[in-house]
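I opened my notebook to look up a few things in this structure. Here is what I worked from.

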Amino acid sequence: TKRVFSGIQPSGGLTLGNYLGAVKRFVEMQAEDYETIYCMVDLHAITVPQEPKKLAHNTRELCAFFIASGIDPEKSILFNQSQVPEHTQLGWIFNCVARMGWMNRMTQFKDKAGKNRENASVGLFSYPALMAADILLYHATHVPVGDDQKQHLELTRDVAAKFNHDFGVEFFPITEPVIQGPATRVMSFRDGSKKMSKSDPSDMSRINMTDDADMIAQKIRKARTDPDALPSEQKGLEGRAEAANLVNIYAALSDQSVDQVLSDVGGKQFSEFKPMLADLAVEKLAPIADEMSRLMQDTHEIDAILARGAERARGVAAPILKRTYEIVGMVGA
Ligand code: TYM
């Protein structure tokens, strides 16, 4: 079987990058020939400080985002990481498989820890071992993510290979990263060399999944561009990061390739293209925001969905953890 696993941190501030780089792809894979498992990774979120009430709110809001975007909790297993304790258990084993040297190379740790590395949590350092556990606990074969997760997925493959080698088994699969489509790296609207991110101080740099129609249109109108007209072929976007970003977003939102989009809009000025993009973005995103806020009115319903999802996830995870414990030599497994 082909099994998909992916996760998103409930650390608040979901952006268009999370939607186009991740959730929109999750929905597409749910419709294909895969078993799909999607997770709110609250244990990863707490590797940096989280206010407890906000963490709970953000976890429920993330669940609402998944559902509003088209994840069907009947078709996919949709759950919250801390409700399936096997993640922590396998995560510990992988802390003992992964090497310090591997972790030291992780660029995300360096970015997130910043200059004051002595003060970063140990959890932030070993974050990728828990991520490997998330994926391998389900023997997932495919992991759809945005481009920024590539290095973590390589580490996941290394963990699987080292475990298999050290214990002389063919137990964990070597997972395929799925980093595909025109929007694997959605960039800031203020600076085309930076990733669109919730941590950017400027709210104008990003579209939040909770923005209303006016806000979405305003941010696109004000997005930084260059003075040239749009090219009619993709190679005409080279060296034009801001222009390329808006075209990529248009392509992703309209389910077309970049070349298809450019064959229609090539030659147009941004003064004409931006309103087209704004209309498309409002048409696709505003209904998601509306549905999210509707779902958030009944948190009991959301909690029931998460409880059911955790139960189903444990059904898959528990036997794999048990077998792992046996392989490692734990008595009573
Ligand atoms: P997180 O929560 O930072 O982001 C969730 C997903 O959104 C993608 N993404 C983007 N894609 C394109 N352009 C952007 N600007 C952009 N910003 C975010 C991310 O690539 C990601 O796919 N470590 C993971 C969470 C995780 C996970 C896992 C993922 C934990 N366990 C197991 C896959 C499998 C993270 O921090 O994603």
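Which residues are closest to the ligand? I found 26 residues around the ligand, and the closest are Q9, Y127, D134, D148 and V186. Here a residue counts as near a molecule or strand if one of its heavy atoms lies within 4 Å of it.

Before going on, I noted the ground rules. Residues are numbered from 1 along each chain as its sequence is written, and side-chain values use heavy atoms, with hydrogens and water left out. The model is predicted: local features need pLDDT of at least 70, side-chain atom pairs count only at pLDDT 80 or more, and totals for chains, interfaces and linings use all residues.

**Entry: the ligand**

I looked up polar atoms next. A polar contact is a pair of N or O atoms within 3.5 Å; within protein, one must be able to donate a hydrogen and the other to accept it, and residues adjacent in sequence count only if both atoms are side-chain atoms. A polar side-chain atom of D134 is 2.6 Å from a nitrogen atom of the ligand. For D148, a side-chain N or O atom lies 2.4 Å from an oxygen atom of the ligand. V186 uses a backbone N or O atom, 2.9 Å from a ligand nitrogen atom. The ligand on its own has 710 Å² of accessible area, and the protein covers 95% of that. These areas come from the Shrake-Rupley method with a 1.4 Å probe; for residues, only the protein chains shown count as cover.

**Entry: D134**

I checked the record for D134. UniProt, in an unreviewed entry, places the feature "binding site" there. UniProt positions follow the numbering used here, feature names are shortened, and annotations may be inferred rather than shown by experiment. D134 sits in helix α7, residues 122-136. Helices (H or I, at least four residues) are DSSP runs, numbered from the N terminus.

Is D134 buried or exposed? D134 is buried, because its relative accessible area is 3% and buried means under 20% (1.4 Å probe, protein chains only). Beyond its neighbours within four places in sequence, D134 contacts F5, V41, H44, Q81 and H87. Contact means heavy atoms within 4.5 Å. The side chains of D134 and H87 are joined by a polar contact of 2.8 Å.

**Entry: R240**

I then turned to R240, in the loop between α9 (213-222) and α10 (241-253). R240 is buried too, with a relative accessible area of 12%. A polar atom of its side chain is 3.3 Å from the backbone oxygen of D228.

Conventions. Helices (H or I, at least four residues) and strands (E, at least two) are DSSP runs, numbered from the N terminus. Buried means under 20% relative accessible area, exposed over 50%, partly exposed in between (1.4 Å probe, protein chains only).
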